[in-house]
Structures are given as structure tokens and as C-alpha cells.
Amino acid sequence: MSSILKLENLRVRFSTHRGQLEAVRGVDLDIQAGTSIGIVGESGSGKTVMSRAAMGLLTGSNVTRDGRISFDGKVLSDMSREEVRNEFGTGMAMIFQDPMTALNPVRRIGSQLQESLRVRLGMSRKESRARSIELLTLVRIPEPKQMLRKFPSQLSGGMRQRIMIAIAISCNPKLLFADEPTTALDVTVQAQILELLTDLRQRLNMTMVLVTHDLGVVAGNTDYVAVMYAGEIVEQAPTTELFANMKMPYTEALFKSIPNIQMKAGSRLPVIEGRLPDPTDRPLGCGFAARCSYAQEKCFAEHPELEEAKDGHLYRCWFPLGDSIPRKVS
Amino acid sequence: MTNHAHLRKDSDVLLRVEDLVVEFKVPGNKVVNAVSSVSFDVKEGETLAVVGESGCGKTTLGKALLQIQKPKSGTVRFEGNELTSLSKSDLRSARTSIQMIFQDPISSLDPRMTVRQIVDEPLWIWSKGDENERVEKVKTLLNNVGLDPELVLDRMSYEFSGGQCQRISIARSLALEPKMLICDEPVSALDVSIQAQILNLLNDMKDRYGLTLIFISHDLSVVKAISTRIMVMYLGKVCEIGPTESVYSKPAHHYTAALISSVPIPDPTHRAQRTPIVGEPPSPVDPPSGCRFRTRCPAATELCATEEPMLRLAADGHYVACHHPRA
């Protein structure tokens, strides 16, 4: 396997009126071609900012980006904006969370689908129309020809998300970012869209990055998982290994606090007290220490580094779970 | 035709809804039956969850109970009062004992009011005590929902996070000591780690204030954690109603089974036993004849197209509206 996207010490800072806000704090991630990786975290954990930065989408004057991003051997920071557009525009694609606002409401589906085909791939009107119909069939839209004439407002959320997927895969990307692709959808439609994404990924041989807050979605659809907290990766492992053998107390707490359909009716949920630390004023030690029920003095004083347990299971904790170190429960 | 097999004895229930219909006019001289002849009842101390996909009428149902959305026909009887025929002023006082919490906690609080004003408003409107008594009451309420009154009283609602705003909404809804709380998707706008906090809080408040809850949600995992009874809706109709444990372990309606099997399980070794469900809900403007779910149902027959299924007994206290219920 070869690496398709490599992030090295990626840092993203925004200047805000309250000072520098470091949304992503030194993320290292190496995504192998052909795999599917889930990025899990709460709102504000930096998962969306990280994926947008990796696509070269964050370019405002208030954004500072450090670190190296290489996609398919090419380094993002070495390239001009024009080159980034050409390389990253076709090689990578993104599906956004909200299919209601990601499409232009006053343009027909056909014209939105054909845009990238004509601009990026230089197809003629006729070719792009034929390809659009192909794409719509691929995402299993009934009566694709009629669909080209419709406006987004005539479609349901699930249909719009299918259109978004069709647009995203139109230029044969090698890497597909799906940022909370099913959060705005109903459960039955969510199941259909996830199944479609998994099927397309295998058929078109794409690498997929699935950004979500839902551990259930990650469990069934990814090979690897990275858990983010306060702008850092705090645990990373193959999916089955992570669920079987959680090392980071945050991962475990998140997992336990989520209502699960398999638990007994009316059971009380264990909660994670408190909130994410203020992003403009990060704590000195471990970001999770203040909410962690296993926290020791060391956790507040020193920042833990990512360590490897075995076979690529990484964690960022001074006192990982499953260790024999005695610790007092506060 | 009556469809009341599942209703319990009148004297036992706090709320009884019969044949409730809510219609909306849509362009083209058509009407949408958002809630189409729905009957159910709620006993004191129960938590009834109303679940279904978007567009199934669950939110409209919640609003129609409070007469925020006037029903076209049907009855809503709460503690012996017929809410649909009350005068404006009687309805206002009846509403003090049924309160509502909304989905988006941030937009349901006035950003230009302090927390003290927000929680005090219902008390002030109903002249519950003098100013000092009311302030004490507000402090107790805030304490009960897990906020420190000294820190929050004079801050504005926009200074708070979603979870905190939802706590403030809960405090406000409890100010008049209602008997029933209608929660419309109270946690779906919140972060995963905050959801559990609010669900536990609702359960605590239920015990402390002796509340009866109607919990409207699309999230079957959340519903399982909080409800004692569950009612599944599809396109404005009740498909299935029964005790939570029974409905989850033995769903009798094919729609319920499909909903439950669509929920992703956070366990990579879990083998999905997907009950396939194809397509999306049809338009409520022109619902299918007979059983409304038949267009997506794996067990549909001709009978389903011609005759609408009535609710019938599937297990103890568990009723289903299906011609071919699952064994």
C-alpha cells in the first residue's frame, strides 16, 4: 500500500478578536490508498477544520497553516493556487454535511453536475450530459434524465445528498472526504447513503475519509479510526482494534455516553462532565484532564505525546486504559 | 370505523387523544393530512416517545396537543378538560400544566433577555408571588437543572452553549410546575457528549417534579434510553404503539423493524441484519391507499392496497396496525 494523503504536524490557527485560536494542533496522519478512515470527535474538536485544511480549502487572511500536506506525492505548500486547484480539485473531493445548502438553489441539477465536468475535464456539452446521466445512475437516482432539469428545492434531503455524491465523484477523485454526510438525514436514508458510499468506494477504488461524530457510523464503514479531541488526534487504530481495546479514557467516555440501541430501555447514561477546553486558551497538560475520571497530577502538568501500543494503535495518554499502573479514581 | 383498540381506561390516563386530524393547505388546492386520525393516551408518570422519519407528523402532533396548531377534528382531553373547545383564556390557563421544550435551544431563548428574566417570565405573567419569592424560585429552578444561579442569573442567553441553553429552557418550562412536558427533539441539536447530560437531567426532573413526558424524536437510540412507551408514526398514522422493551425486542410492524435495523451499531464485529427498506417516504399530499407504508414494505399484498389496517393486539399492551404483522 502507498500513502495517498500525508499530513505532517498540521497546525491551523485562526485570528479572532479573542486572540489566536488554534483549531488543529499538530496532526500527523498518513492515509493509505484504498482504505477508509473515520475521523471522530465532538463539535469543536477540529475534525472539519482539519479535513478542509487538508483539501487546501482554508485560505482566508485570518488563517495560518503550518506543517506539510502531501497528496499523492505532491506537497501542497509548494504549489501555487492555480496548481492547487488543478491537483486538488480533481484528485480530492468533498461531500458536505448539509445537502440543503451545499447546492445552488437557483441552478438546475444538470448544470451543477456538468460544471466540474466541463471546467475540469474539458468535456463538451454533449459529453458532459451523457456523463451526468451515468453518474446519476451510479448514485442510484431513478429517472436520471428528468433529474437533470430539476432544481434542488424539488428534492428530498436524501436525493440531494446523492446529487452531492455524484458531483463529488464526477472527476474520478482518488480521495473522497465525507464530512458528516448523513447527519442531516433520516435513519433509513442514512443507511442507504452509507451503503452507497461503501459500494462506490470499492467500485471506483477510492480512498475515503469519513468525518463524523457518530461512533456507530464509523464502526460499520471504516478500516481505521482516528479520534480527535481539542485539535489533536488522541487515539488512532484499526477500527476493530479500537473498539475492542480502547486506550484513551476520552474514547471510552465518549463511547459509553452515547445512547445505544442495544442497551436496556430506560437505563441511565454515564456522562462526560464539563466541556471542551477553550480553544483560545488551551490547558498546559492533557486537554481532557479536567473531564477525565482517571486524571492524575501529571496529566494537568505535562502534555502527553502520541505513543504506540502495538500494530499501529496510537494513543495520547499518560495512564492508558488496560494498563497495570494503579491509579486513583477521582 | 374506530381505531381505538389500544386506548386504556379513561380514568387511568392523564391525556387522551382521539381521532386527531391536522391538515395544511398546500398550493394547488390540495390538503396535506399531516396528522391523520391519530389516537393515543398517556398515563401519569409515563414517558411516551413519538418516533418517525421527518415528515411523519410527529412535531405537528406535539403542537396540536397544545393547540398551537389548531386540529381540524378530533379531541384532546387533558385532566378531564377538552382542550380543543376551550376559550382563549381557559386554554391559556390549561397550558400552564402542559409545557414544551423545543429542538433548537439557542433560538428558543430571547437573546436580549437575561437568564433571570427568561426563567421568571412565566412566574411574572401568572403573578406567582412577589419579586423576592420569584427570585428565590428562579434560583431553585436553575440549581435543579445544574446551573449555578450566582454565575448565570444576570448573563444573557447568547453567552451560553447549546447544552446550557437547553438547561435554561428546561428550567423555564418547569417554572409553573406543569404536569406534562412535551419535548420536541430536545437533544438532536446537541453534541454527543452533551446529549447524555440532558437526557439524564430530563429523567431527574421527571422524578423530582412528578412529570409525564411526551418525547418526540427521530433517534431510536435516544428514545430507548428515556421512554417507557413508544409510538411509531408513518405519514401521519400510528403504525405501532407499546412498551419500549417489547417494541424494540419484537417489532411487529415492518416499518418499525426497518427503522430499528437502520440504526448504526457502534460495534465493528456486529453483523448487520438489515431489513431492507427501499426508497423514501412518499409525498403526504397524495398518500398511498390502504396501508400508507405498503409502497416500501417487503410484505405488502393486495389487501394492503385496498384496506387500511386497524391497530390490533400483538403482545401484552403492544398494538400494531398491519395486515401481516411480523411473527
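**Figure 1. Pairing of β3 and β9 in chain B of the predicted model.** B:Val50 has B:Met231 of β9(B) as its bridge partner. The two strands, β3 (residues 47-51) and β9 (residues 229-234) of chain B, run parallel and are joined by four bridges. Both belong to an open sheet of eight strands in chain B, whose order is β6-β7-β8-β3-β9-β10-β12-β11. Pairing in this sheet is mixed. At its edges are β6 and β11 (312-315) of chain B, each of which pairs on one side only. From one strand to the next, the twist averages 20 degrees.

Figure 2. B:Ile101 has B:Cys183 as its bridge partner in β7(B). Both faces of β6(B) are covered. On one side B:Ile98 and B:Met100 are buried, and on the other B:Gln99 and B:Ile101 are buried as well.

**Figure 3. Crossing of helices α3 and α4 in chain B.** The axes of α3 (residues 115-125) and α4 (residues 131-144) of chain B come within 10 Å and cross at roughly 120 degrees. With that angle, α3(B) and α4(B) are oblique to each other. The crossing of α3(B) and α4(B) is right-handed. From α3(B), the contact takes in B:Arg116, B:Val119, B:Asp120, B:Leu123 and B:Trp124. These meet B:Arg134, B:Lys137, B:Val138, B:Leu141 and B:Leu142 of α4(B). Six residues of the contact of α3(B) with α4(B) are nonpolar, four are charged and no residue is polar.

**Figure 4. The four-stranded sheet of chain A.** The strands form an open sheet in the order β2-β1-β4-β5, with antiparallel pairing. β2 and β5 (74-75) of chain A stand at the edges; each has a single partner strand, so one side of each lacks a neighbour in the sheet. Helix α1 (residues 47-54) of chain A packs on the sheet, where α1 touches β1, β2 and β4 of chain A. The direction of α1 makes about 115 degrees with that of β1(A).

**Figure 5. Strand β1 of chain A between β2 and β4.** Strand β1 (residues 3-16) of chain A and strand β2 (residues 19-32) of chain A run antiparallel and are joined by 11 bridges. The two strands form a hairpin, with two residues between them. Among the paired residues is A:Arg11, whose bridge partner in β2(A) is A:Arg25. Eight bridges join β1(A) to strand β4 (residues 63-71) of chain A, and this pair also runs antiparallel. Here A:Phe14 stands opposite A:Val63 of β4(A).

Figure 6. Leaving aside residues up to four places away in sequence, A:Gly158 touches A:Leu185, A:Val189, A:Gln192 and A:Ile193, together with B:Glu280 of chain B. A:Asn104 lies 54 residues from A:Gly158 along the chain, and the C-alpha atoms of the two are separated by 16 Å.

**Figure 7. Helix α7 of chain A against α10 of chain B.** The axes of α7 (residues 187-203) of chain A and α10(B) come within 8 Å and cross at roughly 55 degrees. That angle makes α7(A) oblique to α10(B). The crossing of α7(A) and α10(B) is left-handed. A:Val187, A:Thr188, A:Gln190 and A:Ala191 of α7(A) meet B:Ala258, B:Leu259 and B:Ser262 of α10(B). The residues of this contact comprise four nonpolar, three polar and no charged.

**Figure 8. The side of chain B that touches chain A.** The contact between the chains takes 37 residues from chain B and 37 residues from chain A. On chain B, α7 (192-209), α8 (220-226), α9 (244-249) and α10 (254-262) each supply at least two residues to this side. With eight residues, α7(B) gives the most to the side of chain B that touches chain A. By class, this side of chain B has 17 nonpolar, 13 polar and seven charged residues.

Key
Residues numbered from 1 in each chain as written. Chains lettered and ligands numbered in written order. Predicted model: local features only at pLDDT ≥ 70, side-chain atom pairs only at ≥ 80, totals over all residues. Contact = placed C-beta atoms within 7 Å. Nonpolar A, V, L, I, M, F, W, Y, C, P; charged D, E, K, R; others polar. Buried ≥ 20, exposed ≤ 12 C-beta atoms within 10 Å, placed from the backbone. Pairing = 2+ DSSP bridges. Axes fitted to C-alpha atoms, helices over the stretch in contact; angles between N-to-C directions. Parallel < 35°, antiparallel > 145°, perpendicular 65-115°, else oblique. Left-handed = near helix turned anticlockwise from the far one by under 90°.
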